[in-house]
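Keep the viewer open and follow along.

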Amino acid sequence: MTSPETPRYRVHPSPIGDIMIVEREGSLMTVHPFDGPVYAEVARLSMWLRAAVEQQHPERENDVISETITQLEQYFAGEREAFELPLDWSTVRGFTRDALEAVCEIPYGETAGYGEVAIAAGSPRAARAVGTACAHTPFSIVVPVHRVVRADGSLGEYGGHPEIKKHLIDLERRTSE
(Lines give C-alpha, C1' and ligand atoms only; values in the text may rest on other atoms or scores of the structure.)
Protein backbone atom coordinates (compact mmCIF):
# COMPACT_ATOMS: atom_id res chain seq x y z
CA MET A 1 0.00 0.00 0.00
CA THR A 2 1.36 3.39 -0.95
CA SER A 3 1.12 6.48 1.18
CA PRO A 4 -0.13 9.85 -0.13
CA GLU A 5 3.47 11.14 -0.01
CA THR A 6 4.64 8.53 -2.52
CA PRO A 7 5.24 10.12 -5.93
CA ARG A 8 3.13 8.43 -8.60
CA TYR A 9 3.72 8.50 -12.32
CA ARG A 10 1.86 7.89 -15.52
CA VAL A 11 3.24 7.86 -19.03
CA HIS A 12 0.96 9.51 -21.55
CA PRO A 13 1.44 9.30 -25.33
CA SER A 14 1.37 12.57 -27.26
CA PRO A 15 2.17 13.91 -30.74
CA ILE A 16 5.72 14.68 -29.53
CA GLY A 17 6.29 11.31 -27.87
CA ASP A 18 5.71 9.92 -24.41
CA ILE A 19 5.20 12.40 -21.59
CA MET A 20 6.07 11.51 -18.00
CA ILE A 21 3.62 12.90 -15.45
CA VAL A 22 4.57 12.64 -11.77
CA GLU A 23 2.41 13.85 -8.90
CA ARG A 24 2.68 13.80 -5.15
CA GLU A 25 0.08 14.93 -2.63
CA GLY A 26 -2.10 16.55 -5.29
CA SER A 27 0.61 18.58 -7.05
CA LEU A 28 2.68 17.92 -10.14
CA MET A 29 6.34 17.20 -9.50
CA THR A 30 7.18 16.97 -13.20
CA VAL A 31 5.62 16.88 -16.63
CA HIS A 32 8.10 16.31 -19.45
CA PRO A 33 8.60 14.43 -22.71
CA PHE A 34 11.20 11.70 -22.60
CA ASP A 35 12.67 9.01 -24.79
CA GLY A 36 14.22 5.78 -23.78
CA PRO A 37 12.90 3.03 -21.58
CA VAL A 38 10.37 3.91 -18.89
CA TYR A 39 12.32 2.01 -16.23
CA ALA A 40 15.37 4.22 -16.83
CA GLU A 41 13.29 7.39 -16.56
CA VAL A 42 11.64 6.14 -13.36
CA ALA A 43 15.06 5.34 -11.89
CA ARG A 44 16.32 8.83 -12.80
CA LEU A 45 13.24 10.45 -11.23
CA SER A 46 13.57 8.34 -8.08
CA MET A 47 17.14 9.54 -7.65
CA TRP A 48 16.18 13.17 -8.36
CA LEU A 49 13.21 13.11 -5.95
CA ARG A 50 15.03 10.90 -3.44
CA ALA A 51 11.93 8.73 -3.24
CA ALA A 52 10.58 5.65 -4.94
CA VAL A 53 8.28 6.63 -7.80
CA GLU A 54 5.38 4.24 -8.32
CA GLN A 55 3.18 3.74 -11.34
CA GLN A 56 -0.34 5.13 -11.14
CA HIS A 57 -2.68 2.61 -12.73
CA PRO A 58 -5.34 4.16 -15.00
CA GLU A 59 -8.20 2.49 -13.15
CA ARG A 60 -7.04 4.17 -9.91
CA GLU A 61 -6.07 7.46 -11.51
CA ASN A 62 -6.13 10.50 -9.29
CA ASP A 63 -7.59 13.86 -10.21
CA VAL A 64 -4.27 15.63 -10.81
CA ILE A 65 -2.99 13.10 -13.31
CA SER A 66 -6.38 12.87 -15.04
CA GLU A 67 -6.65 16.65 -15.28
CA THR A 68 -3.09 16.91 -16.59
CA ILE A 69 -3.86 14.38 -19.34
CA THR A 70 -7.07 16.24 -20.22
CA GLN A 71 -5.28 19.58 -20.44
CA LEU A 72 -2.39 18.13 -22.47
CA GLU A 73 -4.86 16.61 -24.94
CA GLN A 74 -6.68 19.95 -25.20
CA TYR A 75 -3.37 21.73 -25.78
CA PHE A 76 -2.29 19.36 -28.56
CA ALA A 77 -5.74 19.68 -30.16
CA GLY A 78 -5.30 23.47 -30.22
CA GLU A 79 -8.09 23.97 -27.69
CA ARG A 80 -6.02 25.18 -24.71
CA GLU A 81 -3.57 28.06 -24.53
CA ALA A 82 -2.63 27.96 -20.83
CA PHE A 83 -2.43 25.23 -18.23
CA GLU A 84 -4.20 25.45 -14.91
CA LEU A 85 -2.51 22.76 -12.87
CA PRO A 86 -1.09 22.64 -9.35
CA LEU A 87 2.70 22.65 -9.70
CA ASP A 88 5.02 21.64 -6.90
CA TRP A 89 7.87 24.17 -7.16
CA SER A 90 9.81 22.66 -4.23
CA THR A 91 12.58 21.35 -6.50
CA VAL A 92 12.98 24.69 -8.29
CA ARG A 93 14.74 27.47 -6.42
CA GLY A 94 16.32 30.89 -6.78
CA PHE A 95 16.83 32.41 -10.20
CA THR A 96 15.72 29.21 -11.92
CA ARG A 97 12.27 29.64 -10.44
CA ASP A 98 12.24 33.36 -11.26
CA ALA A 99 13.16 32.56 -14.87
CA LEU A 100 10.54 29.83 -15.23
CA GLU A 101 7.85 32.06 -13.74
CA ALA A 102 8.84 34.75 -16.27
CA VAL A 103 8.56 32.17 -19.06
CA CYS A 104 4.96 31.58 -18.00
CA GLU A 105 4.22 35.19 -19.01
CA ILE A 106 5.18 34.66 -22.67
CA PRO A 107 1.87 34.73 -24.57
CA TYR A 108 0.63 31.67 -26.41
CA GLY A 109 1.85 31.62 -30.01
CA GLU A 110 4.67 34.09 -29.33
CA THR A 111 8.34 33.73 -28.45
CA ALA A 112 10.83 35.69 -26.38
CA GLY A 113 14.62 35.68 -26.33
CA TYR A 114 16.68 34.38 -23.44
CA GLY A 115 17.79 37.95 -22.71
CA GLU A 116 14.19 39.19 -22.63
CA VAL A 117 13.30 36.48 -20.12
CA ALA A 118 16.35 37.39 -18.01
CA ILE A 119 15.14 41.01 -17.87
CA ALA A 120 11.61 39.90 -16.95
CA ALA A 121 13.09 37.67 -14.22
CA GLY A 122 14.97 40.63 -12.74
CA SER A 123 18.51 39.74 -13.84
CA PRO A 124 19.23 41.41 -17.20
CA ARG A 125 22.68 39.84 -17.59
CA ALA A 126 21.54 36.28 -16.92
CA ALA A 127 20.52 35.13 -20.40
CA ARG A 128 22.71 32.00 -20.15
CA ALA A 129 21.17 31.18 -16.77
CA VAL A 130 17.74 31.40 -18.41
CA GLY A 131 18.91 28.79 -20.90
CA THR A 132 20.00 26.54 -18.05
CA ALA A 133 16.67 27.05 -16.27
CA CYS A 134 14.76 26.16 -19.42
CA ALA A 135 16.93 23.09 -20.02
CA HIS A 136 16.30 21.83 -16.49
CA THR A 137 12.64 22.68 -15.98
CA PRO A 138 10.61 19.87 -14.45
CA PHE A 139 7.51 21.27 -16.18
CA SER A 140 8.04 21.18 -19.96
CA ILE A 141 5.05 22.25 -22.05
CA VAL A 142 3.09 23.29 -18.93
CA VAL A 143 5.75 25.95 -18.31
CA PRO A 144 6.26 26.90 -21.98
CA VAL A 145 10.05 26.89 -22.22
CA HIS A 146 9.63 26.04 -25.91
CA ARG A 147 8.65 29.71 -26.40
CA VAL A 148 12.15 30.88 -25.44
CA VAL A 149 14.41 31.35 -28.46
CA ARG A 150 17.88 32.66 -29.27
CA ALA A 151 18.50 36.39 -29.71
CA ASP A 152 18.68 35.96 -33.50
CA GLY A 153 15.24 34.31 -33.50
CA SER A 154 16.51 30.79 -34.19
CA LEU A 155 14.89 28.10 -32.09
CA GLY A 156 17.83 26.51 -30.33
CA GLU A 157 17.60 23.22 -28.52
CA TYR A 158 14.84 21.54 -26.55
CA GLY A 159 16.34 18.71 -24.57
CA GLY A 160 18.31 17.69 -27.64
CA HIS A 161 15.16 17.68 -29.77
CA PRO A 162 14.77 20.97 -31.64
CA GLU A 163 12.12 19.31 -33.82
CA ILE A 164 9.86 19.05 -30.74
CA LYS A 165 10.35 22.75 -30.01
CA LYS A 166 9.50 23.58 -33.62
CA HIS A 167 6.41 21.37 -33.48
CA LEU A 168 5.13 23.12 -30.33
CA ILE A 169 5.79 26.63 -31.68
CA ASP A 170 4.19 25.75 -35.03
CA LEU A 171 1.15 24.27 -33.24
CA GLU A 172 0.67 27.45 -31.23
CA ARG A 173 1.15 29.75 -34.20
CA ARG A 174 -1.33 27.78 -36.33
CA THR A 175 -4.02 27.72 -33.68
CA SER A 176 -3.57 31.35 -32.62
CA GLU A 177 -4.06 32.77 -36.13
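Let's begin with what a pocket is: on a 1 Å grid over the protein atoms alone, a pocket is an open set of points with protein on both sides within 12 Å along at least five of seven lines, whereas a cavity is a set of points where a 1.4 Å probe fits but cannot get out, and lining residues have an atom within 4 Å of a point. Grid points are joined across faces, edges and corners, and a volume is the space filled by probe spheres set on the points. This is a predicted model, so local features need pLDDT of at least 70 and side-chain atom pairs count only at pLDDT 80 or more, while totals for chains, interfaces and linings use all residues. Residues are numbered from 1 along each chain as its sequence is written, and side-chain values use heavy atoms, with hydrogens and water left out.

With that in hand, the largest pocket holds about 650 Å³ of space. It is lined by 26 residues, and the ones closest to its centre are C134, A135, S140, Y158 and G159. Which elements give two or more residues to this lining? They are β3 (27–33), α1, α5 and α6; helices here are DSSP runs of H or I with at least four residues, strands are runs of E with at least two, and both are numbered from the N terminus. The biggest contribution to the lining of the largest pocket comes from α1, with four residues.

Of its 17 lining residues, A82, F83, C104, V142 and P144 are the closest to its centre. Its lining divides into twelve nonpolar, one polar and four charged residues.

Now zoom out to the fold. The chain has six helices and six strands, and along the sequence they follow the pattern β-β-β-α-β-α-α-β-α-α-β-α. The radius of gyration is 16 Å, close to the 16 Å that the globule rule gives for 177 residues, so the chain is as compact as a globular protein of that length. (That radius is taken over C-alpha atoms, and the rule is 2.2 Å times the number of residues to the power 0.38.) Along its principal axes, the C-alpha trace spans about 50 × 35 × 30 Å. Of the 177 residues, 46% count as buried, where buried means under 20% relative accessible area, exposed over 50%, and partly exposed in between, with a 1.4 Å probe and protein chains only.

Next come the charged pairs. Side chains of opposite charge can pair when their charged atoms come close. The structure holds five salt bridges, each a side-chain nitrogen of Lys or Arg within 4 Å of a carboxyl oxygen of Asp or Glu. One of them joins E41 and R44 at 2.8 Å, N to O; both residues lie in helix α1 (residues 38–49), three residues apart, about one turn of the helix. E41 is buried at 9% relative accessibility, while R44 is partly exposed at 42%. Helix α3 (residues 94–103) carries another such pair, E101 and R97, four residues apart, with an N to O distance of 2.9 Å. E172 forms a salt bridge with R147, the closest N and O atoms being 2.8 Å apart. Here E172 sits in helix α6 (residues 162–176) and R147 in the loop between α5 (127–135) and β6 (148–149), so the pair ties together parts that are 25 residues apart in sequence. Both E172 and R147 are buried.

What about the rings? There are four aromatic pairs, counted when ring centres of Phe, Tyr or Trp (its six-membered ring) lie within 6.5 Å; planes under 30 degrees apart are stacked, over 60 edge-to-face and the rest tilted. Y75 and F76 have centres 5.3 Å apart and planes at 75°, so this pair is edge-to-face. Y75 also pairs with F83 in a tilted arrangement, 5.5 Å centre to centre with 40° between the planes. Ring pairs link Y75, F76, F83 and Y108 into a cluster.

Finally, check the backbone. E25, in the loop between β2 (19–24) and β3, has a positive phi of about 50° although it is not a glycine. R50 has a positive phi too, near 55°, and lies in the loop between α1 and β4 (54–55).

Note on methods: Ala, Val, Leu, Ile, Met, Phe, Trp, Tyr, Cys and Pro count as nonpolar, Asp, Glu, Lys and Arg as charged, and the others, Gly among them, as polar.
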